[in-house]
Amino acid sequence: MDEEQALLRAVFQTKNTLTFPLSGTGSAGMETAFCNFVESGDTVIIGCNGYFSERMCEMARLYGANVKRIEKQWGDVFTREEIEAALVENKPVKLLALIHAETSTGALQPLQGIGEIAHRHGALFLIDCVTSLSGVPLNIDAWGIDIAFSASQKCLGCPPGLSLYRQRPGLPDPRGRKNRVPNWYLDLTMIEKYWNKERVYHHTPSTTLHYGFREGLRLVLEEGLEDRWFRHQAIAEYLWEKMENLGLKLFVQREHRLPSLSTVCVPDGVDDAAVRTRLREAYNIDIAGGFGPLKGKIWRVGLMGFSSRREM
């Protein structure tokens, strides 16, 4: 457990001890953030520009938040000016939440400077980095991110089933809430004791999953984070070039494209599902379709972790 935490801190680029894997998928990390830090009546601003930001809204409401949505079309990202305007308009704000890498659209949200803006207006800054951690530059401490969660698969390439959680020391202690955290399994006051030196029993984890996770993190750091970021970017640009040479259009503007997941517009008159089925059955290539308002309109091509290689 100590080795996992040390490796994970290196990947998150943080020195914070409150960094550990949770038994559960990425959505468990999302729910951990909201159930521990949001109480009934708290104002939460959520940047809504894709499927997973909608999930954030749903979770925040379940825990009583007064959710204030700032919205962009799916595939777009938010500017610092738009975020600051929302914080000013809705004061006091408990939490600002953004998706760093929106898997449903292939858009990468710029984060530099947003933590400083959130803190200046008294808000905590939360990010979902499920599809960005170890695939694109992300510096949790330097960018002033208070709470972050990710997942063990995606760019890390570890077995799925763990959510990776990190929070900044000195945040409001959940024990100081007006009411107890309304979630037993994800209550950080208990999970923290499980991961610190006390090792207070909380639940029985999958030992094979944790050993696989430890080895996967070791491989990530053996390659090196910067080299890994470069590799994901280079392979994405190779794919974009080849797609455009075929006359296909990419869904997201180049400066905001997510290297680990590229979205390609389905040409007019083309059967989205038929193409994906043909790729899978004839070439053993599995790509995903769009969902929500993008269903039938885009293909989603994941090139993450080990799969992000020229020979793939």
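Biologist: Which strands pair in the parallel sense over three bridges?
Modeller: In this predicted model, strand β7, residues 124–128, pairs with β8 in the parallel sense, and three bridges join them.

Biologist: Which residue stands opposite I147 of β8?
Modeller: That residue is L126.

Biologist: What about β9, in which sense does β8 pair with that strand, parallel or antiparallel?
Modeller: The pairing of β8 with β9, residues 162–167, is antiparallel and runs over five bridges. Within β9, Y165 is the bridge partner of F149.

Biologist: Is β8 mostly covered or mostly open, and how many of its residues are buried?
Modeller: Strand β8 spans residues 147–151 and is mostly covered, with five of its five residues buried.

Biologist: Which residues lie on each side of β8?
Modeller: One side carries I147, F149 and A151, while A148 and S150 are on the other. Both faces are covered, and each of these residues is buried. As a general point, side chains in a regular strand alternate between the two faces of the sheet.

Biologist: Now to the rings. How many aromatic pairs does the structure hold?
Modeller: There are five aromatic pairs in the structure. One of them is formed by F20 and Y165, whose ring centres are 6.0 Å apart. Their planes meet at 25°, so this pair is stacked.

Biologist: Where in the chain are F20 and Y165?
Modeller: F20 belongs to strand β1, residues 19–23, and Y165 to strand β9. The two are 145 residues apart, and the pair thus links distant parts of the chain.

Biologist: Are F20 and Y165 buried or exposed?
Modeller: F20 is buried, because its relative accessible area is 2%, under the 20% cut-off. Y165 is also counted as buried, because its relative accessibility is 0%.

Biologist: And Y194 with W195, why is that pair edge-to-face?
Modeller: The planes of the Y194 and W195 rings stand at 85°, so the pair is edge-to-face; planes over 60 degrees apart count as such. The centres of these two rings are 6.1 Å apart. Both Y194 and W195 are buried.

Biologist: Which residues form one aromatic cluster?
Modeller: The cluster consists of F20, Y165, Y194 and W195.

Biologist: Changing topic, which ring does the charged end of R257 sit over?
Modeller: The charged end of R257 sits over the ring of W240, at 5.0 Å from the ring centre.

Biologist: What about R310?
Modeller: The charged end of R310 sits over the ring of Y238, and the distance to the centre of that ring is 3.8 Å.

Note on methods
Residues numbered from 1 in each chain as written. Predicted model: local features only at pLDDT ≥ 70, side-chain atom pairs only at ≥ 80, totals over all residues. Heavy atoms only, no water. Buried < 20%, exposed > 50% of the residue type's maximum accessible area, 1.4 Å probe, protein only. Helix = DSSP H or I, 4+ residues; strand = E, 2+ residues; numbered from the N terminus. Pairing = 2+ DSSP bridges. Phe/Tyr/Trp six-rings, centres within 6.5 Å; stacked < 30°, edge-to-face > 60°. Lys NZ or Arg CZ within 6 Å of the ring centre and 35° of its normal.
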